[in-house]
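Student: I'm new to this one, could you walk me through it?
Tutor: Gladly, let us open it and settle a term before anything else.

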Amino acid sequence: MKTLRYSIILAVLALTLTSCREKESILPDTLPGYLDFYFLQMSFKDADGNDLVMPLAEEYYISDKTSVIYRGEVNPEHYSLDLITFSGGLDEKPVFFASKYDAQHKLLKTGQDGKYIGEGTWYLGSTLVCGSAVTRQPLQETIKYKFKCPMVFGDDYFHEIITWWEEDIQQGEYTRYPKCFKATIDGKEVAPVKGLIYFKQADSPFNAYFLDIVL
C-alpha cells in the first residue's frame, strides 16, 4: 500500500505542479487502483477587484532549495489548510498551488522564466485524491476546507469553505472526476464554474471547478 500511495502522489504532483514549459499537462490514462480526483481552484478578490492571491503567488516560493524551477507552490508559512469530512485521501497534508487563468478560466501559458504570459487572475488550486488498491471508494459528497490566511482575509481566523460533489466524468473502470455543483464560504454561496486546467490530448480538454470569491 505504501508503494501504491507513493506512486499515486508522484503522479498527482506531476499533474498539479507546473514547470517552465507550456502548462498543458497530460493526464495519464491509467494509474494503479481505483482513484477519484477532486479538482478545485479558488480566487479571492476584494470589493474593489484587487487580486488577494497575487502576493502569495508572486513570492515564487520553492520548497526544494536545490531547484530553480518554479512549480506554483505557496509558501506554507503564509497559510493553514485543514480538511474536514474528507476520507480515503492519499495526500499526507493538503496544500495549495498558485496558477493564473484568463477570464474564461483557461490556464495561461508561461515563458521560459516560468512566468505567465497575458492578463489573468491568480487561483489557489487544491487537488484531492481518494483511492484504494482493491475497491471503489464512496463519492465524497461534501468536502469542508478550514482555511486561514491573513494575506488573503486580513485576519487570523479560520474560514470555512464547503463544496458539494456529484458523479460526472468516469475515465475507464478505475478513474473518476467528480463535479462540484455547489459551494459556500462562511455560509455565503458561491457558484462553481467549470474551467480548463489540463489537456489530455490536443482536442480533449479536462476541467476543474472554479470559485470566484469576493470578500
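Tutor: Contact here means heavy atoms within 4.5 Å. This is a predicted model, where local features need pLDDT of at least 70 and side-chain atom pairs count only at pLDDT 80 or more, while totals for chains, interfaces and linings use all residues. Residues are numbered from 1 along each chain as its sequence is written, and side-chain values use heavy atoms, with hydrogens and water left out.

Student: Okay, which residues is glycine 118 in contact with, leaving aside neighbours within four places in sequence?
Tutor: With that exclusion, glycine 118 is in contact with Lys100 and Leu108. The C-alpha atoms of glycine 118 and leucine 108 lie 7.2 Å apart, although the two are 10 residues apart in sequence.

Student: And where is the place of glycine 118?
Tutor: Glycine 118 sits in the loop between strand E3 (97-101) and strand E4 (121-132), strands being DSSP runs of E with at least two residues, and helices runs of H or I with at least four, numbered from the N terminus.

Student: How many helices and strands does the protein chain have?
Tutor: The protein chain has 3 helices and 10 strands, and from the N terminus on its elements run α-β-α-β-β-β-β-α-β-β-β-β-β.

Student: Back to glycine 118, is that buried, exposed or partly exposed?
Tutor: Glycine 118 counts as partly exposed because its relative accessibility is 41%, given that buried means under 20% relative accessible area, exposed over 50% and partly exposed in between, with a 1.4 Å probe and protein chains only.

Student: What about cysteine 130?
Tutor: Cysteine 130 is buried, at 1% relative accessibility, and cysteine 180 is buried too, at 2%.
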